[in-house]
Amino acid sequence: RAIRWWTLFAPAGRPSLRHVTEATYVGYLANALLPARAGEAAKAVALNRSSNTPVAESVATIFVERAWDVLSLVLLLFLMLPALPHVTWLRGAAAIAAVLLVALGAIAFVVINWGERPLRTLMAPLRWLPFIPPALVEQAPAQFVQGLAAAGAAGAIGAPFARAAQPSPVTGTQILSGERFDLTVGEMPVN
């Protein structure tokens, strides 16, 4: 799991595998001790403390990782459907799967069309809280979208997210985006 999470970060700003593995272990410990999957938040904070990876970027990669987990389980459920005995809860599971797919589609649509602007709007009230640094409120939306773009590109769903992640005026981070690149390694074309 640590290697899978590590691959979801953009190669240019990827933390070391050691730090990602340590943060994953912190997350496992927190999940064992705390309720409500608090280990996911602990994992992002631990990675921030060990490698200065922005928490928003880590949260975005965790979000994509969990989305892949859910989609994989739903796909396996429906692939195994012919072999399963008749169960009463299957209709409810199908409804939940449909809601999750619609929610993921809506999030992708928002990020593709408006990038970090909706996040900036949602986070604007946080500026009034004295214990939250203003720099965090300014940088977090761009870092979150950057994490989605990197994780999406690594997870093969990145074309929409990579197009949405434009260079941020706050951080100035440049994101490579597009659908076709003429890349040659040695004498062999890659795409």
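**Entry 1: Pro134**

I started with Pro134, which counts as exposed because its relative accessibility is 60%, and the cut-off for exposed is over 50%. I then looked up where Pro134 sits, and found it in helix α7, residues 134–154. I also checked Pro134 against Ala124: they are 10 residues apart in sequence, and their C-alpha atoms are 9.9 Å apart in space.

**Entry 2: confidence**

I noted that this is a predicted model. I looked up the pLDDT, which averages 81 over the protein, with 79% of the residues scoring at least 70. Which element has the lowest mean pLDDT, and which the highest? I found the lowest, 45, in helix α8 (residues 158–164), and the highest, 96, in helix α2 (residues 17–33). Over residues 156–166 the pLDDT is below 50, yet I see that this stretch has 25 contacts in the model beyond near neighbours in sequence. Where pLDDT is low, the predicted coordinates should not be read in detail, so I leave it there.

**Entry 3: the whole protein**

I listed eight helices and two strands. Along the sequence the pattern reads α-α-α-α-α-α-α-α-β-β. The protein has 191 residues, and 32% of them count as buried. I put down an accessible surface of about 11900 Å², with 70% of it belonging to carbon and sulfur atoms. Of the contacts with a separation of 6 or more, 51% come from residues 24 or more positions apart.

**Entry 4: α4 and α5**

I looked up how helix α4 (residues 55–79) packs with helix α5 (residues 90–114): the angle is about 145° and the axes are 11 Å apart. The crossing is left-handed. On the α4 side I noted residues including Phe63, Val70, Leu71 and Phe78; on the α5 side, residues including Leu90, Ala97, Leu101 and Ile107. What classes of residue make up this contact? I found 15 nonpolar residues, no polar ones and no charged ones.

**Entry 5: α2 and α3**

I turned to α2 and helix α3 (residues 39–51), which pack at about 150° with their axes 8 Å apart. Here α2 passes α3 in a right-handed crossing. Among the α2 residues in the contact I wrote down His19, Val20, Thr24, Gly27 and Asn31; among those of α3, Glu40, Lys43, Leu47 and Ser51. By class, I recorded seven nonpolar, seven polar and two charged residues for this contact.

Key:
Residues are numbered from 1 along each chain as its sequence is written. This is a predicted model: local features need pLDDT of at least 70, side-chain atom pairs count only at pLDDT 80 or more; totals for chains, interfaces and linings use all residues. Side-chain values use heavy atoms; hydrogens and water are left out. Axes are lines fitted to C-alpha atoms, for helices over the stretch in contact, and angles run from 0 to 180 degrees between N-to-C directions. Helices (H or I, at least four residues) and strands (E, at least two) are DSSP runs, numbered from the N terminus. A crossing is left-handed if the near helix is turned anticlockwise from the far one by less than a right angle, and right-handed if clockwise. Contact means heavy atoms within 4.5 Å. Ala, Val, Leu, Ile, Met, Phe, Trp, Tyr, Cys and Pro count as nonpolar, Asp, Glu, Lys and Arg as charged, and the others, Gly among them, as polar. Buried means under 20% relative accessible area, exposed over 50%, partly exposed in between (1.4 Å probe, protein chains only). Accessible areas come from the Shrake-Rupley method with a 1.4 Å probe; for residues, only the protein chains shown count as cover. pLDDT is the predictor's confidence in each residue, from 0 to 100.
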